[in-house]
Amino acid sequence: MAFWLGLSLLSVTAAPRTVVDLSGAWELRADPQDQGLADGWQTAGGDWPTARVPRSWEPALGLDYDGVGWYRRRVRVAPGPGRWLLRLHGAATAATVWVGGREVASHLGAWTPFTAEVTTDLADGQPHELVVRLDERVGHNTQGFLPIIAPHFGGLWQRVELLRVGAAWFDDTAWWAHAAASGALAVRLPLQGELPAGAEVRWSLSRGGRRVASGRRPAAAVNSWQWRGAVTPWGDGQSQLYALTAELWAGGRRIDAVSRRIGFRSVTTAGRQILLNGQPLRVRGVLNWGYYPPELAPAPDPAEFRREVRRYRAMGFNLLKFCLWQPPRELLEVLDSEGFLGWIEYPTWHPKLDAAHRDELLREYAEFGRLDGAHPAVVVRSLTCETGPAADLAVLRALYDQAKAWAPETLVEDDSSWIGWNRIHDVWDDHSYGNNRWWRGQLDRLEAHVAQHGVKPLLLGEAIAADTWADSAALAAAGAAEAWWRPRCWDDQRQFEAALRERFGAAAVDDLLAVSRRYAAAMRRWQVETFTERLPDAGYVVSVARDFTLARMGLADDLGQPKWPLAEWAWHGPQVVALATRGDQRGYLAGAAAALGLDLAVDDSPVSRPTRRTVGRTVHGRRLSWELWALPAAPAVPPGTVVVASADSPWPAVLPGAAVVAPGAALPATTRLAVCSELTPPLVAWLRAGGRLLHLPGTGRGAWQTEALWWLRGTVWQPPQEAFAERLPAGLLSDLQLHELGGEQVIRGELLWEQVDPLLTCLETHDLATVRPNLLVFQTAVGEGRLLVSALRHGGPDNAAGAWLTRELAAWLAAGPAPQRALSEATAAALELAAGARSVRLGGPWRFAKDPTNSGLANGWQTPQFGAAEWPELVAGSRAEWDLWATYDGWGWYRRDLELPADWPAGPARLVFESVDDMYEVYVNGQLAGGHGRLDRSETSYLRRTWLDLGRWLRPGRNSLVVRVHDWYGGGGLGRDPLLTTGPVEPEFDLLRP
């Protein structure tokens, strides 16, 4: 006997339409083996557990549950006239519905409502079981992006209702209304059921309770009408809404009535501009992934959502981008009523947009259009996100045409992604993330693409992100330790913070949290201001609304609390102004402020230590201010300083008076401090014997290994160290690193962290389970000597701060306190070995052949004698290599000759691969030297740094080198030129560029 769930009897009223909310307790049973249909669960009795509706089913079935589940509850309605409709507003994902054992509906798609008539099933006044079977369909085309950052959700996550209607009724889920700013209104509204003779439709349009238009016409299966009149347009910040009502009358009685609010507005384009009601519109958006923990389904309370929207408005934004999810109607109504713009990016993330799925996609997208088509707030629609050329162009065209038919007064694009991927589009779109130092170049490239491929408005559909440090204390107080939505790096971060407190003091973590928020706010502000200055007609969408499991890049934190007070967003709004300086500098030598090229008054008085100063201007009644750093005169170059550099090096000019010697030359006996960009064996030996070495890594052999990093992935922080901060105040380096000191490179610090004193770090947690402590400036003892390394930008034009800092670091190294940490003897020895290593980068083409029958070994393809001259050439890492392996799984052979000089040293010589997809073997002069990966275990070398020692097989002169690769999924191949080196390659010892 099924559990009784409280709908004992539903009475009806005299109104033409009655809505009965079926929210509350339902029975819910998991079906992990998908046996329910075979076992007849649609009619089975017995007790099932209960769960709340509306809500995703994971709180009841478990966060990891992905599959099939069944809902059940009893309903009974009072007998009487009229018909009953069952409406499910959101059921994830494939639904089948029974009432009293009869199947009444099926539906595919998690985001949109569907309706079934159930009159014959309920008319007898007896209780009947309502049963819903749902299959989550993990991987379905329209599942969206949420499963990437949260558990995949399923269940009845939106309302379920019973509607009592008359013999005929309006299908209000299929309204079509086009309301233009000119005052032209066109409406289509279908009718269902049995239409009484003489029935008519009466419609009216009102605003503020005052009727402004009305009409009547004979009822038809599809009713349509048009009207034109004087209206007040809906717009950005102007929520001028009208109530559109339709009534069905017959025999002097009102049979049905529906109403919705509409807004009159137009969205068009003119050249590079978007026009809203004929006026230029600059989009200033926030990206929202529908992420609202602890709930999995994106259904925030409308009142909560309204508060969120109002805060965005107060922060200067005017648009919310629903990224890869379809918002329920209630949320779109909030935007309509707030005069806030919306951009819907339909929930297709890495989908199959192909001919085989065309009809299914058109059905689902038609339902999207019915749901959001008449909402004035929605001004832009994207058909998919970052799908690219994999999407069938004919399918995109069909979806685009359908979207334009449903919403003529909106802008539609095929793919919110990168500008080169747009094919069918009303606007250009690009997902620009990156560093301040190359931001201007990126904007120039976007503008050039628009000019070359067709002038249209440009929107950055995702951009301008910046991570912060997680507030672990607040998270712990909120009980996040066991929550599914806690940061991925939670466990490691807390251990890392404990070590920071022990090493740098009790206040270190609080300082890091505050600095990270300052750094992220400054990065976002500069990129927005520069974007607006360079492309005044273009729009942007800032990532992202809220921190999520993989990254702290939200405008709100993991608890949904704003990270910055509104006052810190006072610069943002319809008029954004940039502070333009020469070379985008933020530091200047006191007394030389004119070098900034500013048109504002700058305090140019002398300072004894670096000092923050403020400049400002009043714009449109707002006082805007920016911070600069006034720098004191640079200290004298320490006596006995020697620059080890080639003739074109910038360092002799930066360190006037220092002696200069060529790389490899002996240091003068009077040398007390050396400055270099590349390390050599003599330099390392001198260092270990007691020298003091300032190393500013270049790009040549012997430079400290660095790698590029998007600064948005972490925060640049100066650990509290009193003596260093006395010379270089906290905030100075992190502020200027965003501008002239930003060298784009970091030194991976995981394996060095305990062996050095970090003076400036970039702590990275984005998409990581651990804290990655990258180094920008550090010092350490090496044997008897001292080493200071800086990966900041010290040279180049318009970089007075970089030159000044070089002399400051030299002075610190010469006279500052001794390092507290030292390189281990093993690390120091590896440094010396790396400085003297011989290396060859195996660039250029290889001879390549496929081996689909795996017959190459038997045919001697690995031997030096085999003639491969007819094999085509292929360059590792090229587009041709990508295209080849993208359509081929199996064995492939790479061959080349390797010429080694006569003085090539005997001993270890490691061939290093950064990522071979999926496994490989290496043959040297016909001999198997080894390999990585296992076919029988699907053990891959993809995305793994691997190496083999070829020393025993190599000889001076010509060598035959053959790499046999097997790929079993997706792309394949070498992916990048391998490296042959006599130096250390283990991660902890791979310190210098080969």
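Strand 50 (residues 910–913) and strand 55 (residues 979–981) run antiparallel and are joined by 3 bridges. Strands are DSSP runs of E with at least two residues, helices are runs of H or I with at least four, and both are numbered from the N terminus. Two strands pair if DSSP finds at least two bridges between them. Val912 stands opposite Leu979 in strand 55.

This is a predicted model, where local features need pLDDT of at least 70, side-chain atom pairs count only at pLDDT 80 or more, and totals for chains, interfaces and linings use all residues. Residues are numbered from 1 along each chain as its sequence is written, and side-chain values use heavy atoms, with hydrogens and water left out.

Widen the view. The 4 strands of an open sheet follow the order 46-55-50-53, with antiparallel pairing. Strand 46 (839–841) and strand 53 (946–949) are the edges, each pairing on one side only.

Now the rings. The structure holds 43 aromatic pairs (Phe, Tyr or Trp ring centres within 6.5 Å, using the six-membered ring of Trp; planes under 30 degrees apart are stacked, over 60 edge-to-face, the rest tilted). Phe317 and Trp569 form a tilted pair, 5.5 Å centre to centre with 55° between the planes. They sit 252 residues apart, in two loops. Phe317 is buried at 1% relative accessible area (buried is under 20%, exposed over 50%, partly exposed in between, with a 1.4 Å probe and protein chains only). Trp569 is buried too, at 7%.
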